[in-house]
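Reader: I have a model open on my screen and would like to go through the terms used for it. Could you show it and take my questions one by one?

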Amino acid sequence: MAAPPIQQETAPWLLENGSYKVLTKEARQGHGHSHHGRTAHNMSSSSLRKKSDLTLVSKVQCGLLRSFLTNLQEVILGTKLSILFPAIPLAIVANYCNFGRPWIFALSLLALMPLAERVSFLTELMILGFLRAVGGLLNATCGNATELIIAIFALCQNKIDVVKYSLLGSILSNLLLVLGTSLFCGGLGTLGKQQKYDRRQADVNMLLLFLGLLCQLLPLLFRVAGGYTTVTTVAALQLSRASSIVMLVAYVVYIVFQLWTHRQLFEADEEAGEGQEEETPVIGFWSGFVWLVGMTIVIALLSEYVVATIEDASNSWGLSVSFISIILLPIVGNAAEHAGAIIFAFKDKLDISLGVALGSSCQISMFVIPVCVIVAWIAGIDMDLNFNTVETGCLAVAIITTAFTLQDGTSNYLKGLILLLCYVVIGACFFVTTTPQNQGNPMKGSVVNLGTSGSLAA
């Protein structure tokens with residue numbers, strides 16, 4: 001039987017001499033540098049991007065100026081969140097002019113939203129211009145760069161509570177809010193038929209989340225069973241550090257599993273992107289790298305503002321630090337990819353939505369959290385994996401509920417609604433949480449006066 005004719009598809013993945021090179025689907029699959037197997041995270045984060053109109057820029061005569069303007073338009077105006085970019089200079093001005101610290105906190109949060117999306121975009125450019133495996137590794141380690149940077153700055157200021165709360169909140173937000181909204185919206189958008197997805201990827205991610213839960217549960221049980229003494233405190237800290245090393249080893253194996261041995265489980269089907277324009281990279285690899293470094297520096301600056309002003313915002317708004325860290329910070333930091341996951345669920349592409357929510361949760365649980373523990377260890381800061389009773393209980397319920405929700409490979413709006421309602425109840429829990437000073441658990445790291453300072457007992 002004669003082979004079917006090769007159809008040309010407009011997929012300008014490569015740039016040659018400043019112009020697009022159109023590749024066929026077969027050529028893309030055979031081209032080691034161009035076909036990188038778009039992951040769910042890549043496709044989801046691209047949903048908030050918009051195509052840049054380079055008509056005016058192309059008329060500029062000076063080649064260097066034209067290149068700079070092309071870069072500027074693609075990076076700054078290439079997102080639907082570009083309207084929030086003015087919040088960056090406003091936050092810096094507010095800080096240097098000593099405006100109200102709650103205003104600095106709010107402006108910094110708003111400014112982090114487009115920056116987080118642009119870092120995702122620039123990371124994908126690195127993948128397009130680099131070897132697939134190396135690019136995938138970059139994406140696997142930089143996907144939650146915003147949370148990691150905020151956590152590192154909080155550690156530098158010895159605000160271990162902010163670190164734990166923000167990272168715990170990221171996991172809860174992905175498992176309950178993002179996944180729940182995706183399943184709910186997808187179910188409403190496809191009332192006439194049943195939504196299905198590939199369980200294999202979900203099973204791998206849930207196993208990793210259960211391992212992370214075990215590593216966070218044992219230090220808590222260890223200290224509760226042994227009493228709140230100095231001996232058990234030191235032992236729990238040592239157990240946490242050992243567990244963090246184990247978690248990082250598991251994450252490295254997970255990366256090998258994802259990028260090499262079983263990458264077909266994690267690559268989004270190309271047909272899932274039908275109706276969505278492919279990426280058209282109009283800036284080079286090194287230009288993208290410079291932009292990525294610059295935006296990471298800005299994120300670091302804004303993260304420092306957020307950490308420094310979170311307690312003042314807590315006092316001014318009457319919200320506990322636990323609520324701000326667990327609920328507000330994760331929603332802002334991952335707004336772009338969260339919106340993308342919901343959009344693809346509406347299009348009946350649940351595999352992409354699950355890849356975003358579960359993949360990000362695994363990255364936080366198995367990579368970012370143990371990295372923070374080890375960085376704190378190196379810096380001489382005593383950070384363990386004990387997230388306290390209520391927080392660990394909420395995490396356990398979220399993981400177990402999500403595992404039961406995804407066990408049969410089908411979805412409907414009721415499953416999504418249940419996950420959303422779980423998130424609402426947990427949010428309400430931290431909204432009302434205040435432990436009066438000089439009361440409560442004598443355990444080191446217990447919550448003290450969250451309604452005002454939100455700090456953990458030292």
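Author: Leucine 354 is in helix H14; helices (H or I, at least four residues) and strands (E, at least two) are DSSP runs, numbered from the N terminus. This is a predicted model, in which local features need pLDDT of at least 70 and side-chain atom pairs count only at pLDDT 80 or more, while totals for chains, interfaces and linings use all residues. Residues are numbered from 1 along each chain as its sequence is written, and side-chain values use heavy atoms, with hydrogens and water left out.

Reader: Why is leucine 354 called buried?

Author: Buried means under 20% relative accessible area, exposed over 50%, and partly exposed in between (1.4 Å probe, protein chains only). Leucine 354 has 4% relative accessibility, so the residue counts as buried. In the protein chain, 54% of the 458 residues count as buried.

Reader: What does leucine 354 touch, leaving out residues up to four places away in sequence?

Author: Contact means heavy atoms within 4.5 Å. By that rule leucine 354 touches Leu179, Leu183, Tyr197, Ala202, Gly359 and Leu406. Leucine 183 is 171 residues away along the chain, yet the two C-alpha atoms are separated by 9.2 Å.

Reader: What makes a nonpolar core, and which residues touch the most other members of the largest one?

Author: A nonpolar core is a set of buried Ala, Val, Leu, Ile, Met, Phe, Trp, Tyr and Cys residues joined through side-chain atoms within 4.5 Å. The largest one has 104 residues, and Leu354 and Cys372 touch the most other members. Helix H14 (residues 350-378) gives the largest share of this core, 16 residues. Apart from neighbours within four places in sequence, cysteine 372 is in contact with Leu148, Ala151, Leu155, Val163, Leu167 and Met383.

Reader: Why is the pair of tyrosine 251 and tyrosine 254 called tilted?

Author: Rings of Phe, Tyr and Trp (its six-membered ring) pair if their centres lie within 6.5 Å; planes under 30 degrees apart count as stacked, over 60 as edge-to-face and the rest as tilted. The structure holds 4 aromatic pairs. In the pair of tyrosine 251 and tyrosine 254, the centres are 5.8 Å apart with 45° between the planes, hence tilted. The two tyrosines are 3 residues apart in helix H10 (residues 230-261), so about one helical turn separates them. Ring pairs also link Tyr251, Tyr254 and Phe367 into a cluster.

Reader: How do you know whether tyrosine 251 is buried or exposed?

Author: Tyrosine 251 has 4% relative accessibility, so this residue counts as buried. Tyrosine 254, at 7%, counts as buried too.

Reader: What stands out in the phi of asparagine 158?

Author: Most residues other than glycine have a negative phi. Asparagine 158 is not a glycine, and its phi is positive, near 60°. Asparagine 158 sits in the loop between helix H7 (145-156) and helix H8 (160-189).

Reader: Why is asparagine 158 called exposed?

Author: Its relative accessible area is 52%, so asparagine 158 counts as exposed.

Reader: And asparagine 388: is this residue buried or exposed?

Author: Asparagine 388 has 7% relative accessibility and therefore counts as buried. This residue has a positive phi of about 75° and is found in the loop between H14 and helix H15 (389-405).

Reader: Thanks! Last one: why is leucine 414 called partly exposed?

Author: Leucine 414, found in helix H16, has 48% relative accessibility, so the residue counts as partly exposed.
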